[in-house]
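Dear colleague,

I am passing a structure on to you, together with some notes on what turned up when I went through it. Please have a look at it first and then read on.

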Amino acid sequence: QVQLVESGGGLVQAGGSLKLSCTVSGRIFSLNTMAWYRQAPGKQRELVADITNGGRTNYADSLKGRFTISRDDAKNTVYLQMNSLKPEDTAVYYCNVGVNWARSYWGQGTQVTVSS
């Protein structure tokens, strides 16, 4: 069974940094587009960033270059480096990864809380 496990969330002060990780396990033959989304309570889930097999990246304009997405296919892992965090970045962050050219899978979500 394919599953995605996220880590790296937590509580941080405004201006701080966090790095999220999402590792895919199970019977994996290929990994396609990898992405990060976030959702605050009562609000719609929004795309943060994604990265293709070829390494092409796409970011939400509102992030203003503060976030960086990367992938390590040897480790079946996608990362999200978050710098200069703001209180409005507070949300549950979810990874989403296309697996085996069939479908995408969601991680369980990791809470990011930015104080001050």
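Where is the place of Ser 116? Ser 116 is found in the segment after strand S11, a strand that covers 110-115. Before I say more about that residue, please bear in mind that this is a predicted model, and that the values below are computed from it.

Let me begin with the overall build. The protein has eleven strands and zero helices, and its pattern along the sequence accordingly reads β-β-β-β-β-β-β-β-β-β-β. Its radius of gyration is 14 Å, close to the 13 Å that the globule rule gives for 116 residues, so the protein is as compact as a globular protein of that length. Taken along the principal axes, the box that the C-alpha atoms fill is roughly 45 × 25 × 25 Å. Of the 116 residues, 40% are buried, and among the contacts with a separation of 6 or more, 54% are between residues 24 or more positions apart.

As for the surface, the protein exposes about 6300 Å², and 47% of this area is supplied by carbon and sulfur atoms. The side chains include 12 positive and 8 negative ones, and the centres of these two sets lie 2 Å apart.

The next point concerns the cysteines. The count of disulfides comes to one, and it is formed by Cys 22 and Cys 95, whose sulfur atoms are 1.9 Å apart. Cys 22 lies in strand S3 (residues 18-25) and Cys 95 in strand S9 (residues 91-99), so the pair ties together parts that are 73 residues apart in sequence. The torsion about the S-S bond is about 55 degrees, and the disulfide is therefore right-handed. Are the two partners buried or exposed? Cys 22 has a relative accessibility of 0% and counts as buried, and Cys 95 is likewise buried, with a relative accessible area of 0%.

Most residues other than glycine have a negative phi. Ser 84, however, has a phi near 50 degrees, which is a positive value in a residue other than glycine. Ser 84 sits in the loop between strand S8 (77-82) and S9, and at 40% relative accessibility it counts as partly exposed. Ser 116, the residue with which I opened, also has a positive phi, of about 75 degrees, although it is not a glycine. With a relative accessibility of 83%, Ser 116 counts as exposed.

Finally, I would point you to Gln 3, which belongs to strand S1 (residues 3-7) and which, at 45% relative accessibility, counts as partly exposed. Which residues is Gln 3 in contact with, once its neighbours within four places in sequence are left aside? They are Thr 23, Val 24 and Ser 25. Gln 13, by contrast, is ten residues from Gln 3 in sequence, yet the two are 31 Å apart in space, C-alpha to C-alpha.

Terms used:
Residues numbered from 1 in each chain as written. Predicted model: local features only at pLDDT ≥ 70, side-chain atom pairs only at ≥ 80, totals over all residues. Heavy atoms only, no water. Helix = DSSP H or I, 4+ residues; strand = E, 2+ residues; numbered from the N terminus. Rg over C-alpha atoms; globule rule 2.2 N^0.38 Å. Buried < 20%, exposed > 50% of the residue type's maximum accessible area, 1.4 Å probe, protein only. Contact = heavy atoms within 4.5 Å. Areas by Shrake-Rupley, 256 points an atom, 1.4 Å probe, with all protein chains shown as cover. Lys, Arg positive; Asp, Glu negative; His and termini not counted. Charge placed at Lys NZ, Arg CZ, Asp CG, Glu CD. Disulfide = S-S within 2.5 Å.
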